[in-house]
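Subject: Structure for you to look at

Hi there,

Here is the structure I promised to pass on, with my notes below it. Please have a look at it first and then read on.

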Amino acid sequence: MEKSVSNFGTELSKLTNKTKEIEKIASDVETAMEFANVEIEVLKKKELVSENKVKELQDKLLYQEVYNRRENLRFFGIPEPIDGTEDVHQVVHKFLKEELELEITEDIEFQRAHRIGKKKKGETRPVIVRFLRFPEREMVFKRAREMQEETNVKVYADYPKEISERRKQQWPRMKKAREERKTAFFFKSEPDKLFINGLFVPR
């Protein structure tokens, strides 16, 4: 009986030590997991910071492109001859004089003026114009907006595709704000940023 009790005590002691070892291993594993979770969170934060920096850099490049295109305007709806033979400079000057009723068109100079896109039967390609002087570009753009109900030709600023898509997403908000008689506009140098009553509206 004494021997059996002694053996039982020995086995119990071994089991207790084994339990302690298991508990220590479990504690070590839990500590390691906590450390790993902390590391994961740190990496996530670093990744988020990196993503934000990349987005900031992409936006800076887009806004630089907007600036580089500041002398440009796009004209949609100017008739195009079927045979494709035309002097685009003369065509645009004629539009400015006859449709927009500008009296000093001869003094307005272009760096470039050409159709964009591949020609397709039954379609009129838009014209992109780069003005020599920015004030003249602004004058034409302002006049085009004033005369938009008087002509079928539509005139728009020349924005990068990404900026145009962002603005398009914001148009419903701008329209609603203006219907509510609020002041709503896109920031000039960063034209995808909408402001309503002086407050920036995130996309």
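One term before the notes: the bend at a residue is the angle between two axes, one fitted to the seven residues ending there and the other to the seven starting there. Please also keep in mind that this is a predicted model.

**Overall layout**

The protein has 4 helices and 7 strands. Read from the N terminus, the order of the elements is α-β-α-β-β-α-β-α-β-β-β. Its radius of gyration is 34 Å, well over the 17 Å that the globule rule gives for 203 residues, so the protein is more spread out than a compact globule. Along the principal axes, the C-alpha atoms fill a box of roughly 120 × 45 × 30 Å. Of the 203 residues, 27% are buried.

**Helix α4**

Now to the helix for which you needed that definition. At Gln 170, α4 bends by about 40 degrees, and within four residues a proline follows, Pro 172. How far apart are the end C-alpha atoms of α4? They are 27 Å apart, and this agrees with the 27 Å that the 19 residues of the helix (residues 161-179) should span at 1.5 Å a residue.

Gln 170, the site of the bend, is also one of the buried residues of α4.

Is Arg 181 buried or exposed? Its relative accessibility is 79%, so Arg 181 counts as exposed.

Glu 101 is worth a look alongside it: its phi is near 60 degrees, again a positive value in a residue other than glycine. You will find Glu 101 in the loop between α2 (88-98) and β2 (110-115).

**The two pockets**

The largest pocket holds about 1200 Å³ of space. Its lining is made up of 37 residues, and those nearest the centre are Phe 141, Tyr 156, Ala 157, Tyr 159 and Arg 167.

At least two lining residues each come from α1 (2-68), β1 (72-76), α3 (134-146), β4 (154-157), α4 and β5 (184-186). Sorted by class, the lining of the largest pocket has 18 nonpolar, 15 charged and 4 polar residues.

The second largest pocket has about 210 Å³ of space. Its lining consists of Gly 77, Ile 78, Pro 79, Val 91, Lys 94, Phe 95, Glu 98, Glu 99, Thr 151, Asn 152 and Val 153. By class, that gives 5 nonpolar, 3 polar and 3 charged residues.

Two of these lining residues, Asn 152 and Gly 77, are 75 residues apart along the chain, with 6.5 Å between their C-alpha atoms. Asn 152 sits in the loop between α3 and β4, and at 74% relative accessibility Asn 152 counts as exposed.

- Val 88 lies in helix α2 and is buried, with a relative accessible area of 12%. From Val 88 to Arg 112 the C-alpha distance is 9.2 Å, with the two 24 residues apart in sequence.
- Val 42 is in helix α1 and is partly exposed, with a relative accessible area of 35%. Val 42 and Lys 118 are 76 residues apart in sequence, and their C-alpha atoms are 50 Å apart in space.
- Phe 187 is in the loop between β5 and β6 (194-196), where at 37% relative accessibility Phe 187 counts as partly exposed. The C-alpha atoms of Phe 187 and Glu 99 are separated by 29 Å, and the two are 88 residues apart along the chain.

That is what I have for now. Happy browsing, and do write back with any thoughts.

Best wishes

How values were computed
Residues are numbered from 1 along each chain as its sequence is written. This is a predicted model: local features need pLDDT of at least 70, side-chain atom pairs count only at pLDDT 80 or more; totals for chains, interfaces and linings use all residues. Side-chain values use heavy atoms; hydrogens and water are left out. The expected span of a helix is 1.5 Å times one less than its number of residues. Buried means under 20% relative accessible area, exposed over 50%, partly exposed in between (1.4 Å probe, protein chains only). On a 1 Å grid over the protein atoms alone, a cavity is a set of points where a 1.4 Å probe fits but cannot get out, and a pocket is an open set with protein on both sides within 12 Å along at least five of seven lines; lining residues have an atom within 4 Å of a point. Grid points are joined across faces, edges and corners, and a volume is the space filled by probe spheres set on the points. Ala, Val, Leu, Ile, Met, Phe, Trp, Tyr, Cys and Pro count as nonpolar, Asp, Glu, Lys and Arg as charged, and the others, Gly among them, as polar. The radius of gyration is taken over C-alpha atoms; the globule rule is 2.2 Å times the number of residues to the power 0.38.
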